[in-house]
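User: Could you walk me through some of the aromatic side chains in this one?
Analyst: Gladly; here is the model.
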Amino acid sequence: MKRIIKKVAVLGSGVMGSRIACHFAGVGLQVLLLDIPAKQEGDKKTDRNKIVNDALAAAVKSNPSPIYSKDVLKRITTGNFEDNMKDIANCDWTIEVVVERLDIKQKIFEQVEQFRKAGTLITSNTSGIPIHMMTEGRSEDFKKHFCGTHFFNPPRYLRLLEIIPTPHTSPDVVDFLMHYGDLILGKTTVLAKDTPAFIANRIGVFGLMSIFNLVEKLNLSIDEVEALTGTIIGRPKSATFRTADVVGIDTLVNVAKGVYDNCPQDEARSQFEIPAWLQQMVSNKWLGDKTGQGFFKKTKSASGEKEILVLDLQTMEYKPRVKPKFATLEAAKPIEDLNQRLKAMVAGKDKAAEFYRHFHYGLFSYISHRIPEISDEVYRVDDAMKAGFGWEIGAFETWDVLGVEKTIAAMIEAGYKVASWVDEMLNKGIRSFYKIENGIRFSYSPVSGSMIPPSGVEGAAFIVMSNFQEKIAWKNNSCRIYDLGDDVLGLQWTTKMGSIGGDVLAGIMKGIEMAEKNHKGLVIANEGGNFSAGANVGMIFMLAIEQEYDELDMAIRMFQNTMMRVRYSAIPVVVAPHGLALGGACEMSLHADKCCPAAETYTGLVELGVGLIPGGGGTKEFVLRASDEMHTDEPETITLKNRFLTIATAKVGTSAQEGFDIGVYRKGLDEVVMNQDRRVAEAKKSVLEIYESGYVTPVQRKDIRVLGRTGLGTLYAGINGMLKAGYATEHDSLVAKKLAYVMCGGDLSEQSFVSEQYLLDLEREAFLSLCGEKKSLERIQSVLKSGKPVRN
């Protein structure tokens, strides 16, 4: 039966419920959000929906925002369990997100059964209660359509969705939820068994608890562990103890106790015992961020400055933080490749290396024994940890990197055991958990005793460019061009933060050249956390500070020419950004034949943040689009002013949807991809569709309307007003006027029609002149020192 989801009921509006409702609404669904009615206070008239309305309002105000744009809220209707439970009869999916108590959940499901339409989905977002226990006493139809759907907080940003069926759940329902969660909700859907803490929390909490035990074994401080377990090993910046503060120490303890109590056969059960110092923290209500102190505590120094103190686990008193030093850590920091870095850290000779060995050996032992208890497939464990806990590399993937056979020998020597199926795998001559063939990653299945492709990935739903190493068509120091099949090429680069310099521009030019000769089109996309933070600001600063203006002029021309090549090539070029797509990366998106941004794409022309204007065709493109929009009912100066303000305020769309709102993406042409793992496949599909529809090289525009002095007068008046009111500095005013000059086409006496090249020349001249401004150079230098991308 074809299942269509139009409306979803979310029962419970707490931290998770309200945010899950926002996410469903964000993908375009109508949402009914219900909670308990507010109590009547005497004779005073009470808003019975106050609880749910307050919860939703608090969620919307929270940071990071749970909504892609404010329009999302129009799709959410609120109500209460007493007055509006009947309304779930019109819903296609009802998800329960009430308090973690089985009796309360069962009472809610009893009400649900009275009103839900037969055949509709009913799921629970429980993080630990056994799924099968919730359906006791329910009808056969209820049980058949019931399943666990465990979102991670915050649901917009954490990509894991665990699907946990019961023995009664229809296989069709499981298949639907796995596919819908991936395609529509943008999640990494992981099929989990109905075991305590499911997959991610079972492994994740084990990892935290094992580190807590290593703290005592190796006499490590909190600061030392934080230095050893963050981004250096491919984990989130919050590392270990900061993560515990964010999650909530009571929550962590409850999950650990749940595993200890409900998993008597777990060979590592002792790891889940709560250390005395951790139990004392719970007793003291030092629960982390929610109570204002946990492993860390924010305070003010004697001078009144903000200070973060760290807990000394020996004395249970807070003290100033100390930056630790380990030889292994110092040697590993310069190694950019994570795989090589992990090898170096495990091979070290100091206490840090000893920690890494014990940590990884314990983790490898544990995950090997969880197969097939929590999952039949190893890849599901890795997918869960990467999507739910933000690991850059999965546990089985890490084991492959360090060498399975070699590591087992070291583990046995150190007293760690592995599950028998790993030995059986090696005895079959299979030396790793993963292998790549024809761009598809296969993983070992202990059930079949062979390598299998991940479910659903056999087709073209997911394309990972780096899996096409045997099909590299061209490369330089930064870029790789891959043959993605079907006569489509793919380009990616691996510079820090995806910065765009000479190598990358050469790669783009080469990719287009190769595609024009023998292929149908080109996909441009990157892996890792971000697409690109923009142009190589360091190179610009170096050339400007040395006053190499001819070199700088040449570099800007090269950037502009490359963007124009993206626009005016003989084949379709589709860009698939994700994460940061700022500055020059935004300009690339503006010039592509089509963009397929991930839903979580943060884009904008941010150059004014460093005292420059967009110099790679971004300013020109906004003028061109303003010209095309001037046929609307709005006055011409208003249309131009809106585009001007977007650049002048360095406005960034904090989602792909907002990228449309600020005029970077084009409605009816560019397409948001909810699951960022599908970006490249969707971009490739778009290349083929555009090519097959009869792609013709566009003609450069010479009909761009600019307003000249009419527009300049309006924009200059606004700039001067901001300056006089103290909202802008003299330098801000200078940069804004340079931008206005370009966007109005210069000092023209009347409205005129100009070419793209005319505007590019103005843009480049303004950019070069600002590179000679002391204040601009100071701002660029500040950004370089911070190591952070340019933001508004």
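Analyst: Trp-399 counts as buried, because its relative accessibility is 0% (buried means under 20% relative accessible area, with a 1.4 Å probe and protein chains only). The model is predicted, so local features need pLDDT of at least 70 and side-chain atom pairs count only at pLDDT 80 or more, while totals for chains, interfaces and linings use all residues. Residues are numbered from 1 along each chain as its sequence is written, and side-chain values use heavy atoms, leaving out hydrogens and water.

User: How are the rings of Phe-396 and Trp-399 arranged?
Analyst: Their centres are 6.4 Å apart and their planes lie at 15°, so the pair is stacked (rings of Phe, Tyr and Trp, the last by its six-membered ring, pair if their centres lie within 6.5 Å, and planes under 30 degrees apart count as stacked, over 60 as edge-to-face and the rest as tilted).

User: And which cluster do ring pairs make there?
Analyst: Ring pairs link Phe-396 and Trp-399 with Phe-364, Trp-421, Phe-433 and Tyr-444.

User: Switching topic, is Arg-341 buried or exposed?
Analyst: Arg-341 is buried but has no salt bridge, and the nearest side chain of opposite charge, that of Glu-392, is 5.4 Å away (a salt bridge needs a side-chain nitrogen of Lys or Arg within 4 Å of a carboxyl oxygen of Asp or Glu; Lys and Arg count as positive, Asp and Glu as negative, and His and the chain ends are not counted).

User: What does its side chain reach, then?
Analyst: The side chain of Arg-341 comes to 3.5 Å from the backbone oxygen of Thr-231.

Key:
Buried < 20%, exposed > 50% of the residue type's maximum accessible area, 1.4 Å probe, protein only. Polar contact = N/O pair within 3.5 Å; in protein donor to acceptor, adjacent residues only side chain to side chain.
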